[in-house]
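Colleague: I would like to learn how to read the contacts between charged side chains and the pairing of strands. Could we go through them slowly?

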Amino acid sequence: MNSVENNTSLQALIAPLKPVVQLHSRSAPTLCAQPASRLWLAIHLPRFTLDMATRGNTEPQACVLVDGQGTRQRVTLVNAEAARLGIRIGMPLGAAHALGEVLPFMRVPAAEQQALAQLCAWAYQFTPMVVPVAPDALVMEVRGSLALFGGLAGLLARLRRELRQLGFNALAFGSAPTPIAAIWLARARHSTPVETLAALPAALSQVPIDVLNLTPKLQQDFCGIGVRTLGDCLRLPRESLARRFAPALLLELDRALGRQPDPRPAFKLPQVFSSRIDLLWEIHHVQALNIAMERLLNELVGILRAQVASVRGLCWRLYHADGSSSDYPLTLVEPSADALHLLRLSREHFLRRSLASPVRGICLEAADFEHRPANPSGDLFAGRQGSQGGTETWPRFVERLRARLGGKALQQLTAFPDHRPERAGDTQTFDGTRVQRAAARGLESSPRWRERPLWLTRQPLPLPECDGRPNLDGPLHLDGERERIHSGWWDGAEVARDYFIAHNQHGTRLWVFRELASPRGWYLHGIFE
């Protein structure tokens, strides 16, 4: 087509400017002023790639996203620190380096897709309808969830707070009855909620056409005919718009205005959690990993809330500068979904260790999610006594001791089926379960079961005799009943003893025995009190 014909077609496309309502097809439904049955909330992360690259670091660093090869590399995205240096989008990378110390990054679509999927899994705690929108946004249907979070304002406040805890500082939200309209409003930073379909044309009319993410050729064609906003685009004739550009664009506009259905597959939660944060520089001390650990745990806890679950163990993996990796498993006494408690345990766990080589990345893995009842305590009116304050439960106390002192530092008593007292019990590494009583309830109620002390001497201590009675700071008074133990002839450690409960002059209860074989001496073997 020559230039004359091209100008003629453009004039024919612009000339018949019609109101928005004339763009509706005759079969289009009547727009209602009542709130729509669905409300879509879009979260746009304009610096998603850079935030993912820098969210594990404690100190701010100027970072830019570049495109191109060699000397043709140009800046396509900057973070706040790079903007303060005067770096702008479109600037050559060499000019950006001249303004200060800058870390350049290239776009990796596979990594962005995985990171966006992990963010969708985290957002599942707010609504079961979450849809990723590549490359830097997600959209959620929140109409049924608003009452749980104090309305839309309360939900937005919580999203802002928790997304910043994950390391995403550049945020934009948009809400509308259709998902595409919510995404466009978020990209345009139009924060005013749009509740009805009737209000959509007016809300979208001032939105710049850049939110459509058009190809450079198509965007240039729109600018050539004076189309700068969606309102300009909506005023174009439908037939000419579809013929001149693409039918897919017309279908997208109809879906945004609610004239056509917009089915979207719901996101499915993964059954295994695995998330990694790469560090900008080498880390030589475990204390510098706190920020990355905290953000990974917040991400995990969000997924646990979505599944109403908890975990019984974590696995931290450190990636070293030499290409090797090391695993640090952490086992819990009871399942937990408390980010602060898990962070404290992880810090105690790492404080006992020194890094053999510098670290360039950290990964958190968790599996085998356990369903958590709504109220584990079983008391509807029980106060919240979490890690924020209040009484600490015994499992969490044990977990802190194990993390601080090591797994082998905590021992538990274990009973063995042997009548000889010195062989009836031992200690072993605490395995996270409550210590079971040595005797069953039936044996406890049996009159033949004799009381035994908890504390035994390392070896039986010989006692002096006075008139045939054992003596310890004076004569001991013996109870009338005795317990005879004759065992061990099969393994070479035979014992033949009569055990008594004795009382000294101070009232202390002692456990003594007399040998049945010659020389029939008295021995102290335990203390009750």
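Modeller: A salt bridge is a side-chain nitrogen of Lys or Arg within 4 Å of a carboxyl oxygen of Asp or Glu. This is a predicted model, in which local features need pLDDT of at least 70 and side-chain atom pairs count only at pLDDT 80 or more, while totals for chains, interfaces and linings use all residues. Residues are numbered from 1 along each chain as its sequence is written, and side-chain values use heavy atoms, with hydrogens and water left out.

Colleague: Which residue forms a salt bridge with Asp491?

Modeller: Side chains of opposite charge can pair when their charged atoms come close. Here Asp491 pairs with Arg420, the closest N and O atoms being 2.8 Å apart, and the two residues are 71 residues apart in the chain. Arg420 also forms a salt bridge with Asp418, at 3.0 Å between the closest N and O atoms, and a network of salt bridges links Asp418, Arg420, Arg423 and Asp491.

Colleague: Is Arg420 buried or exposed?

Modeller: Buried means under 20% relative accessible area, exposed over 50%, and partly exposed in between (1.4 Å probe, protein chains only). Arg420, at 2%, is buried, whereas Asp491, at 35%, is partly exposed.

Colleague: Which residues lie on the two faces of strand S1?

Modeller: Strands (E, at least two residues) are DSSP runs, numbered from the N terminus. In a regular strand the side chains alternate between the two faces of the sheet. In S1, Trp40, Ala42 and His44 lie on one side and Leu41 and Ile43 on the other, all of them buried.

Methods: Helices (H or I, at least four residues) and strands (E, at least two) are DSSP runs, numbered from the N terminus.
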